[in-house]
Amino acid sequence: MENSEGVKIESTVVTEEPLISALDIALFVVIITVAYFWYFKRDKQSSSSEKKPYTIQPSSLSSIEQTSNSSFIKKLKSTGRSLVVFYGSQTGTAEEFAGRIAKEGARYKMKGMVADPEECDMADLVEMKEIQKSLAIFCIATYGEGDPTDNAMDFYEWLQNGDADLEGLNYAVFGLGNKTYEHYNEIAIYIDQRLEELGATRVHEIGLGDDDANIEDDFVSWKEKLWESVCSHYGIEETGEESNIRQYKLVDCSEVLPERIFSGEISRLKSYENQRFPFDVKNPYLSKIAVNRELHKSGDRSCMHIEFDINGSKMRYDTGDHVAVYPKNSSELVDKIGELLNADLDAVFSLLNTDEESSKKHPFPCPCTYRTALTYYLDITSNPRTHIMKELIEYASDPKDQEKLKLMASSTPEGKKEFHEWILRDNRNIVHILEDLPSVKPDLDHLCELLPRLQCRYYSISSSPKVYPKSIHITAVLVNYTTPTNRVNKGVATNLLAQLIPTNDELPQPTIPIYIRRSQFRLPPKSQTPIIMIGPGTGLAPFRGFIQERDYARKEGREIGEMVLYFGCRKKDEDFIYENELQEYVANGTLTKLHLAFSRDQPEKKYVTHLLEQNADELWNIIGEKSGHLYVCGDARSMAKDVHSIIVKVVMEKGQMTNSQALNYVKKMEQQKRYSADVWS
């Protein structure tokens, strides 16, 4: 462009026109202005990145407020604290554990605070050495295929890419994972090792919590030994003072105007009345239920096909993504708590953090009614953890109830056994505990402080945006089961969804808050790449989207690779979901092969794993000879593990490899995203 303009200028000289015209001057000013703006903007960005290698995700705060609020070091120094507990939490458990550690710090003369790494400038870790007897503890969860939680992602990347000198930083790490997954506690292990590489001092060995067994027991055992190490490292002693101190204080909000009271919104007041894009975990989209139909043909179980309307929301999803659904507790359970505690559920209240320096002012959106808190914000159906047993002791008027709670709150072998049998094995929730220990009458505001947050539920999306750009489909089994105490426990989300049946167009359609969570469970970039899909039961869900997408490509005239599906259920005439769709895809050539296993249609049970073993040649042809992709979706505890073992065996036999070579081959497939799993336990 510049050379071309120069030629034109030279031409005007030859024709004896003025050397510089008004147009030339105008162009020159524009060029100088653009160059000036570009140079100084780039310089400013470069300078900013050099000064601050760790970035914070955008928020509603101004940059000045972000800088001020993100400095956890300043808060520690200004409030005389020496303990900070960071959490990487996807479901709230790690955050809860972090709070318990920070609270117990007072027993060891270490005033603590809980911090979200997403809201902190983690580069300030280098300044921890300036605080006498300081300690940083990390409660870090791993989810997905060895992924950090959303709020710990930036910190994880900062550790990977940075080379900060952390000498003088004292730390300890507790990981939250699940042994049924291959990448068990991978993020916590990495953080523990990386901090040491950067010069930090490990005060206590890493703790690895297993959610497939008893993560509460793992945490309590680790925590007890942690404090022993802390006392030894710093030369301090336990004060013996109990830490049953309220973190939040009750505020009467009966005079608050109705329009200032939360009624179930996740973050922003009236967000469901005034929806604003973009939609995410803190700002879900209130979606209409467009379709809700039963997929099972008979039997006493139920599987629902549900379609969420996202037309006009600007929400986009990719095949293989997850949709998060925000549930609410049943009014029956909520009313039962009010009845057991003789409480006015419609009273308006707020819980205000007694720590004025904490960035978390309330445990959930406040002010609201107790009914709203118990319905939308608090988990009243899961098994309470031992610290709740401890807090309930003071509210028991019957000595027998007191002793039972004390035993379950203790870390003795007898206490752990009692907690495991009475709470976990018998599957008691807080409602059941209050029913079975009638003298326990906690203040409702204290109970609201103790109970964990009600979490959204994630479902694999069972549709393709190429075919359904304005809706999201899920496939969900209705969860109902009888406990050893003959109570019927109901899945919070699926039982709510079962009630949301669309009506005729003249009436308002039922709605539910949702948002999209990105996944790494993806089709190959090239439509010609052959794939094998293994998904018994509702594990079929994401593969329905995969097949739709390949079918769309075929109809556009593009070449598509082989698609082989392994599907299993109990009985063909009972729970063969999407049967007609799948048979149609076989007929039109989109689905190359459909291998079916109906476990209870013959005397001996038959599963997809049996079919895989029978089809070793086909498996090796696709994943070995044709470098195809293999996908597994469903139960992580047994099915996914069995599939992995079979694949390794096939690679050994058909690829003529040793066991070690086969394991490395499969590992390489996983690293190349040629072997992907979307599983749950």
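UniProt positions are given here in the numbering used for this structure, with feature names shortened, and the annotations may be inferred rather than shown by experiment. This is a predicted model, where local features need pLDDT of at least 70 and side-chain atom pairs count only at pLDDT 80 or more, while totals for chains, interfaces and linings use all residues. Residues are numbered from 1 along each chain as its sequence is written, and side-chain values use heavy atoms, with hydrogens and water left out.

**Stop 1: the annotated site.** Select Arg301, Thr538, Ser599, Arg600, Lys605, Lys606, Tyr607, Val608, Thr609 and Asp642, which an unreviewed UniProt entry lists under "binding site". Zoom in on Lys606, in the loop between strand E21 (593-598) and helix H20 (608-614). Helices (H or I, at least four residues) and strands (E, at least two) are DSSP runs, numbered from the N terminus. The scale is under 20% for buried, over 50% for exposed and partly exposed in between (1.4 Å probe, protein chains only).

**Stop 2: a charged patch.** Now pick Arg570, Lys571, Arg600 and Lys605, a surface patch of positive charge. Patch members have over 30% relative accessible area and no salt bridge, with like charges joined within 9 Å. Arg570 sits in the loop between strand E20 (563-569) and helix H18 (572-575).

**Stop 3: helix H21.** Select residues 616-625 and you have H21, mostly covered, with seven of its ten residues buried. Among the buried ones are Trp620 and Ile623. Step just past H21 to Ser627, where phi is positive, about 50 degrees.

**Stop 4: salt bridges.** There are 43 in the structure, each a side-chain nitrogen of Lys or Arg within 4 Å of a carboxyl oxygen of Asp or Glu. Start with Arg100 and Glu96, paired at 3.2 Å, N to O. They are four residues apart in helix H5 (residues 93-104), so about one helical turn separates them. Both Arg100 and Glu96 are buried.

Jump to Asp321 and Arg522, whose closest N and O atoms are 2.7 Å apart in a salt bridge. Asp321 is in the loop between E10 and E11 and Arg522 in the loop between E18 and E19, so this pair ties together parts 201 residues apart in sequence. Asp321 is buried at 0% relative accessible area, whereas Arg522 is partly exposed at 26%.

Note on methods. Patches are made of residues with over 30% relative accessible area and no salt bridge: like charges are joined within 9 Å, nonpolar side chains (Val, Leu, Ile, Met, Phe, Trp, Tyr) within 5 Å. Accessible areas come from the Shrake-Rupley method with a 1.4 Å probe; for residues, only the protein chains shown count as cover. Lys and Arg count as positive and Asp and Glu as negative; His and the chain ends are not counted. The place of a charge is taken as NZ of Lys, CZ of Arg, CG of Asp or CD of Glu.
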